[in-house]
Amino acid sequence: MSHSDDDNRQRFEAMIDDNLKRLYSDLVQEELPDRFKDLLSQLKDQDTSASSKK
Amino acid sequence: MSAPDPRDELVTHLPAMRAFALSLTRNGATADDMVQDTVVKAWTNIDKFQAGTNMRAWLFTILRNTYYSSRRKAKREVADIDGIFTERLSVKPEHDGKLQMSDFKVAFEQLPDEQREALVLVGASGFSYEEAAEMCGVAIGTIKSRANRGRARLAELLDNNDDTAMELTDAATMAVVTDSGPVAR
C-alpha cells in the first residue's frame, strides 16, 4: 500500500468518526419524551409508599 | 447522613441511553420501550450497581442485554428499513466535499448490529475499547475488529474509491435530504 493510500484511509476513518459523533450527538440532543419523567416519579412514589408501610 | 442515592443519577443518562437505543433499534418506538425497560431494571437492581463505577456503562450494558434478548425473541424481526436516522435527522448537505450526513445515516443503518454497536460505543460515545469490550462481554480485539470492519464496510457503502466519490450529491441524496418523511425505495 502506498503512502498516500494510508493517508487517505486515515482521513476517511477520521471522517467516519466525525460523522458518527454528529449522528449520535443529534440523537442525544433530542427532547426526552415525558413518559420517562413520569416513569421516574412513578418509581419514586412506589418506593416511598413501600417504605412508609414498613 | 445517608449516602447519595445512585438512582438520582439515572435521569442524567437518559438522553445517552435513548441515543444508544435508537442506534441499536433504528426505530423510535422500540427504542423508547427499551429505555423504559432498562430504567425499571436499573431502578429495581440498583443494589447491583457498584458505587464509584461508570453508571453509563452499567446502564448501556443492561440496555444492550435487553435489546439482544428481545431480538432473539423476535427472531430477527425486520428492522424499519427507512430507518430512524433518515426519518428524524434530515440535514442539508454541506457542499464542502465532506460526507453527506444523509448518505452516512443510510449506510450506517445497513451495518450489522454488532458493528453499529461497536462504532457507537467507541466512535461516538467515547468509551474506551476496554470499556466497550466489558460492556459487550467480548475481548478487546473483538471490539476493535468489529469497529474496523464497520468502518471498512461504511467506506465500501459510501463508495470510497477516490476523493471525488465522497461528494455524493446525486438525486437520491437530494430526495432524502429534502423529504422529511420516510423514503420509498
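Biologist: Which residues is T38(B) in contact with, leaving aside its neighbours within four places in sequence?

Modeller: This is a predicted model. With neighbours within four places in sequence left aside, the contacts of T38(B) are M17(B), L59(B), I62(B), L63(B) and T66(B).

Biologist: Where is T38(B) found, and is T38(B) buried or exposed?

Modeller: The residue lies in chain B, in helix α2, which covers residues 28-44. Buried means under 20% relative accessible area. T38(B) has 0% relative accessibility, so this residue counts as buried.

Biologist: Which residues have the most contacts inside the largest nonpolar core?

Modeller: The largest nonpolar core holds 58 residues. In general, nonpolar side chains of soluble globular proteins tend to be buried together. Inside this core, the residues with the most contacts are F60(B), F108(B) and L154(B).

Biologist: Which residue of chain A is in contact with F60(B)?

Modeller: Neighbours within four places in sequence are left aside here. In chain B, the contacts of F60(B) are A16(B), M17(B), F20(B), L121(B), S125(B), F127(B) and M135(B). From chain A, the contact is Y24(A).

Biologist: How many residues of helix α5 of chain B are buried?

Modeller: Helix α5 of chain B runs over residues 101-109 and is mostly covered. The buried residues are M101(B), S102(B), D103(B), F104(B), K105(B), A107(B), F108(B) and E109(B). Of the nine residues in the helix, the number buried is eight.

Biologist: How are helices α6 and α8 of chain B oriented where their axes cross?

Modeller: Helix α6 covers residues 113-124 and helix α8 covers residues 140-157, and their axes come within 8 Å and cross at roughly 105 degrees. Angles of 65 to 115 degrees count as roughly perpendicular. Therefore α6(B) relative to α8(B) is roughly perpendicular.

Biologist: How many charged residues are in the contact of α6(B) with α8(B)?

Modeller: From α6(B) come E114(B), Q115(B), E117(B), A118(B), L119(B) and V122(B), and they meet I143(B), R146(B), A147(B), R149(B), G150(B), R151(B), R153(B) and L154(B) of α8(B). Six of the contact residues are nonpolar and two are polar. The number of charged residues is six.

Biologist: At what angle do α7(B) and α8(B) pack, and how many residues of their contact are charged?

Modeller: The axes of α7(B) and α8(B) are 8 Å apart, at an angle of about 105 degrees, which makes the two helices roughly perpendicular. On the α7(B) side the contact uses Y129(B), E130(B), A132(B), A133(B) and C136(B), and on the α8(B) side I140(B), I143(B), K144(B), A147(B) and R151(B). Seven of these residues are nonpolar and no residue is polar, and the number charged is three.

Biologist: Which residues are in contact with V138(B), leaving aside its neighbours within four places in sequence?

Modeller: V138(B) sits in the loop between α7 and α8 of chain B. The relative accessible area of V138(B) is 25%, so this residue is partly exposed. Its contacts, with the neighbours left aside, are A133(B), I143(B) and R146(B).

Biologist: Why is chain A described as more spread out than a compact globule?

Modeller: Chain A has two helices and zero strands. The globule rule gives 10 Å for 54 residues, and chain A is well over that, so it is more spread out than a compact globule, with a radius of gyration of 24 Å.

Biologist: What percentage of the residues in chain B are buried?

Modeller: Chain B has nine helices and zero strands. Among its contacts with a separation of 6 or more, residues 24 or more positions apart account for 67%. Of the 185 residues in chain B, the buried share is 46%.

Notes
Residues numbered from 1 in each chain as written. Chains lettered and ligands numbered in written order. Predicted model: local features only at pLDDT ≥ 70, side-chain atom pairs only at ≥ 80, totals over all residues. Heavy atoms only, no water. Core = buried A, V, L, I, M, F, W, Y, C linked by side-chain atoms within 4.5 Å. Buried < 20%, exposed > 50% of the residue type's maximum accessible area, 1.4 Å probe, protein only. Contact = heavy atoms within 4.5 Å. Helix = DSSP H or I, 4+ residues; strand = E, 2+ residues; numbered from the N terminus. Axes fitted to C-alpha atoms, helices over the stretch in contact; angles between N-to-C directions. Parallel < 35°, antiparallel > 145°, perpendicular 65-115°, else oblique. Nonpolar A, V, L, I, M, F, W, Y, C, P; charged D, E, K, R; others polar. Rg over C-alpha atoms; globule rule 2.2 N^0.38 Å.
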